[in-house]
Amino acid sequence: MKAIRCTRYGPPDVLQLQDVEKPVPGDGRVLVEVRAASVNPSDWHSVHGGIARVFGNGLRKPKDPRVGTDIAGQVEAVGARVSRFKPGDEVFGACPGGLAEYATAREDRLAFKPADVSFEQAAAVPVAATTALQGLRDKGKIRAGQRVLVNGASGGVGTFAVQIAKSFGTEVTGVCSPRNLDAARSIGADHVIDYTREDFARNGQQYDLIFDVVGNHSVSAYKRALTPGGSCVIAGFGFPSLSLARLLGQLILGPVRSRMGDKKVGFMGIAKFNPKDLDYLGGLLDAGKVVPVIDRRYPLRETAEAFRYLGEGHARGKVVVTVDHDGRAP
């Protein structure tokens, strides 16, 4: 089978489309014929190096040459002790090495793909939408009627955050660049802020919950923009120019300064995949409450170009990689 492999850190050109052995599903694992995958900033960092080295991906070269996380496809085979899925089922979820014709995923990291949702749309969901859901619901304790601000509303996580926040019955303000204002409105934002003309932390407005994918403000600025008892959940620190100094500063100062007063600022950490949340997201997709925003599509052989485009930092929504099996459209 064909699969994308990364054997050394560097620009997208280090990615190689190789012939490798088709994986065999072990206990509790599912072999998926991948029809579409998507690219996330975490995938980009795992190829580029930098912060990936800090978090144990290998100091001199990647420990695992497989690339990709998000997948959608059809179950090819199941291993022992798999009870939920059977060959032929259409699924989406997360697994190592998703940028390939076939990949094996843990049973508890997959969910059934809604029938009216395309493989491309489903592949856009796992990392980005799970991050948005867990950040808003679990860390931010979102409630109906709140005023919610999403900073970075036009990116992969941000486009999901706007729609998920709306599904909870909140009033949503999206912060993005001027070229993305209409797009933010089209996915449900009640209000939009052009960050090139207005700073949400200095315009006098306050919000019950701030969900920030950019992480470009100080703890003091976030607290100034929060209502009494409000919370700020930081889910990212900018892409691709992530600042370790800013990240560490927020991780240390956020909890310390949150003890002063009733306004909380915190970092949500890495999203944790589980079948309950994937099923919940599938339900939102099926109901039409969340519609994945896909900026560009690339075939598997052009994965390097997908990474290159994502690395420019201007993607609107998700970048998807399609996998063609004998001429079948994804």
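**View 1. The whole chain of the predicted model.** Of the 330 residues of the chain, 53% count as buried, and the model shown here is a predicted one. The chain holds ten helices and 15 strands.

View 2. Six strands make up an open sheet, in which they follow the order β10-β9-β8-β11-β12-β13 and pair in parallel. The edges are taken by β10 (191-194) and β13 (264-267), and because each has a single partner strand, one side of each is left without a neighbour in the sheet. On average, neighbouring strands of this sheet are turned by 15° against each other, with direction ignored. As background, the strands of a sheet pair through backbone hydrogen bonds, and this pairing may be either parallel or antiparallel.

**View 3. Strands β8 and β11 with the helices beside them.** Strand β8 (residues 147-151) is paired with strand β11 (residues 207-212) in the parallel sense, over four bridges. Helix α5 (residues 156-167) lies across β8, β9 (171-176) and β11, and it runs at about 170° to β8.

**View 4. Residue S231 in strand β12.** S231 has its place in strand β12, which covers residues 226-234. Its relative accessibility is 17%, and S231 therefore counts as buried, since the word is used for values under 20%. When its neighbours within four places in sequence are left aside, S231 is in contact with D208, L209, I210, L226 and K264.

**View 5. Helix α1 and the glycine that comes after it.** Helix α1 spans residues 41-48, and within this helix D43, W44, H45 and V47 are buried. Just after α1 comes G49, which takes a positive phi of about 95°.

**View 6. The second largest pocket.** The space in the second largest pocket amounts to about 160 Å³. Ten residues line this pocket, and of these P299, L300, R301, T322 and D324 lie nearest its centre. By kind, the residues of the lining divide into five nonpolar, one polar and four charged. In general, empty space of this sort is found by rolling a probe the size of a water molecule over the atoms, which shows where space is left.

Terms used:
Residues are numbered from 1 along each chain as its sequence is written. This is a predicted model: local features need pLDDT of at least 70, side-chain atom pairs count only at pLDDT 80 or more; totals for chains, interfaces and linings use all residues. Side-chain values use heavy atoms; hydrogens and water are left out. Buried means under 20% relative accessible area, exposed over 50%, partly exposed in between (1.4 Å probe, protein chains only). Helices (H or I, at least four residues) and strands (E, at least two) are DSSP runs, numbered from the N terminus. Contact means heavy atoms within 4.5 Å. Two strands pair if DSSP finds at least two bridges between them. Axes are lines fitted to C-alpha atoms, for helices over the stretch in contact, and angles run from 0 to 180 degrees between N-to-C directions. On a 1 Å grid over the protein atoms alone, a cavity is a set of points where a 1.4 Å probe fits but cannot get out, and a pocket is an open set with protein on both sides within 12 Å along at least five of seven lines; lining residues have an atom within 4 Å of a point. Grid points are joined across faces, edges and corners, and a volume is the space filled by probe spheres set on the points. Ala, Val, Leu, Ile, Met, Phe, Trp, Tyr, Cys and Pro count as nonpolar, Asp, Glu, Lys and Arg as charged, and the others, Gly among them, as polar.
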